[in-house]
Amino acid sequence: MSLTLPALPYAYDALSPYMSAETLEFHHDKHHMAYVTNGNNLLKDSPLAGKSLEEICVAAFAEKNAGLINNVGQHYNHLHFWNWMKKDGGGKSLPGKLAKAIDSDLGGYDKFRADFIQAGVTQFGSGWAWLTVKDGKLAVSKTANGENPLMYGATPILGCDVWEHSYYIDYRNMRPKYLEAFVDSLINWDYVLELYEKTL
Ligand code: MN3
């Protein structure tokens with residue numbers, strides 16, 4: 001498959017003041033674009049080229065192919081990341097089905113919020129904080145660099161990019177503030193539910 005960069009699902013200034021147009025311009029147009037370009041170059045002569053994005057993530061990790069793990073992994077991660085946010089998103093009012101699963105699997109919304117933020121804060125260096133489904137159960141986790149939960153046998157239904165390029169323009173070194181804003185004001189819970197339902 002050939003990787004392509006889709007347009008953002010909203011205007012560049014739609015997530016302001018929680019995520020600025022400047023951040024989205026750099027993050028989407030430069031950083032995500034670079035993963036697409038590098039990923040396509042790496043896939044050109046690879047036997048994995050005919051596989052789905054998800055299959056390439058899993059196979060690249062199994063083969064310890066760092067170039068593909070990071071570039072194709074990041075392409076997958078960012079495709080979803082743009083959709084994991086929306087204007088006036090976040091907060092406690094999530095779809096009932098998801099709220100119920102968070103109650104039974106993660107000890108309730110407040111504990112999920114604290115654990116998800118903590119996962120992002122404690123990811124040393126670049127990486128991601130995740131809400132995943134594995135064997136029908138929700139879990140909070142984190143991964144380094146371009147890796148994602150697919151590589152560890154789980155399905156991500158929510159992820160927050162904690163690479164500095166994701167927050168440094170708006171929050172400088174205050175990663176916890178960025179994670180709080182993401183959870184409280186940006187999460188697109190409808191998209192999280194859509195991905196959750198696909199795992200059931
Ligand atoms: Mn990023």
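This is a predicted model: local features need pLDDT of at least 70, side-chain atom pairs count only at pLDDT 80 or more; totals for chains, interfaces and linings use all residues.
Residues are numbered from 1 along each chain as its sequence is written. Local features need pLDDT of at least 70 and side-chain atom pairs pLDDT 80 or more, whereas totals for chains, interfaces and linings use all residues; side-chain values use heavy atoms, without hydrogens and water.

Next, select the contact (heavy atoms within 4.5 Å): domain 1 supplies 20 residues and domain 2 supplies 23 residues.

Colour this interface by atom type. The two domains bury about 1,800 Å² between them, and carbon and sulfur atoms give 63% of that area. Buried area here is the accessible area (1.4 Å probe) that two parts lose on being put together, summed over both. On the domain 1 side, display Thr23, Phe61 and Phe81, which lose the most area to domain 2 and together make up 29% of what that side buries.

Now show the helices (DSSP runs of H or I, at least four residues, numbered from the N terminus). H1 (21-43), H2 (53-62) and H3 (66-83) each give two or more residues to the side of domain 1 that touches domain 2. H3 gives the most, with 10 residues.

Finally, search for salt bridges (a side-chain nitrogen of Lys or Arg within 4 Å of a carboxyl oxygen of Asp or Glu): the rule finds 0 across the interface of domain 1 and domain 2.
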